[in-house]
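Let us walk through this structure step by step.

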Amino acid sequence: MRAVVFDHYATLAEIRDVPDPRPAPHGVVVRVEATGLCRSDWHGWTGHLQGITLPHVPGHELVGVVEESGAAVTAWHPGDRVTVPFVCACGGCPSCVAGDQQVCERQTQPGFTHWGSFAQYVALDHADVNLVAVPDGMSYTTAASLGCRFATAFRAVVQQGRVAAGEWVAVYGCGGVGLSAVMIAAASGARVVAVDVSPQALDLARRFGAAHGVDATDTADPAAAVRELTSGGAHLSLDALGSPAAAAASVNSLRRRGRHVQVGLLPSPDGNTAVPLARAIALELELLGSHGMAAHAYPAMLGLVRAGVLRPDLLVTSTIALDAAPAALAAMGGARAAGVTVIEPWA
Ligand SMILES: [Zn+2]
Ligand SMILES: [Zn+2]
């Protein structure tokens, strides 16, 4: 099969012919029809993340068709249209037994712990636990956004963030996950303030329901701007970018008893990020993390997509062939194009 492979971190990946993957007894191999380009892929490519073994194939926001299933798989068969959370759970650890597969103790992640979906085929573990059927009529391009950014945003806003109609929600970072969060919060009846450094990203955020956009290049203190626009602070604020400055600003954007949800990854040499914890005490803030979403939680989200309440298809602004993926991956670190790019490995 053809795949995007890199031998060294932060060095342009190559398109290469590599052996087709084989399924584990509990796993499947999926023929990849579309796969999203995510900032986490860029973090992995730069060497910022632990757990990657070189040479490596990135890619974790995938949709496709089951090509081959292992002998122990009971629920899925060749020809099934499927997607998968980026956290593939083991199904047997205490967290999985409790229903919290998104924090599985023995999780695998395609594109991180093993070769991912910037390829024509990808192997996925524990298929009966992790695969999600793609609804009839949903295009592969649309479904490619569900495995990471959209599901991650849905859990962050709805489940961890407990958004309620009429609340103010601040979203820092209007890339794929941030724009998804804007759309989901607005569809939940919240009033959204989007924060980004890109006017194009803020335009998209307004299109997806944001009441206000704050250009972080225009103000020395975006959190103060959010507090001003929300008459005292957001009820819920998300760092959907993943930077120490955005995380701190998100916490500083909250009103009393507000909730901060950290969604963007925060790699750092010592694993630590400074946050204004004193403010969390005085204002009784809640500081929450959010890590993907378990496969069993997808139906509620998919129902809203099928009903047209949520429109992940509108987030996709470009589709590219596999040949264009290495350069697109390298470009994720620079000035971001607004919206979401989807790779079609067979195009
Ligand atoms: Zn992702
Ligand atoms: Zn587990």
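How far apart should the ends of helix α6 (residues 176–187) be at 1.5 Å a residue? The expected span is 1.5 Å times one less than the number of residues, so the 12 residues of α6 should span 16 Å. The end C-alpha atoms of α6 are 17 Å apart, which agrees.

A word on the source. This is a predicted model, where local features need pLDDT of at least 70, side-chain atom pairs count only at pLDDT 80 or more, and totals for chains, interfaces and linings use all residues. Residues are numbered from 1 along each chain as its sequence is written, while chains are lettered from A and ligands numbered from 1 in the order in which they are written.

Stay with α6. Of its 12 residues, 11 are buried, so the helix is largely enclosed by the rest of the structure. Buried means that 20 or more other C-beta atoms, placed from the backbone, lie within 10 Å of the residue's own. The buried residues include G176, L179, M183 and A186. Their packing partners include α5 (146–160), β9 (191–196) and β15 (340–344). Just after α6, G189 takes a positive phi of about 90°.

Now step back. The protein chain has 12 helices and 15 strands, which are DSSP runs (helices H or I, at least four residues; strands E, at least two) numbered from the N terminus. Its C-alpha trace spans about 55 × 40 × 40 Å along the principal axes. Of the 347 residues, 55% count as buried.

Definitions and conventions
Contact = placed C-beta atoms within 7 Å.
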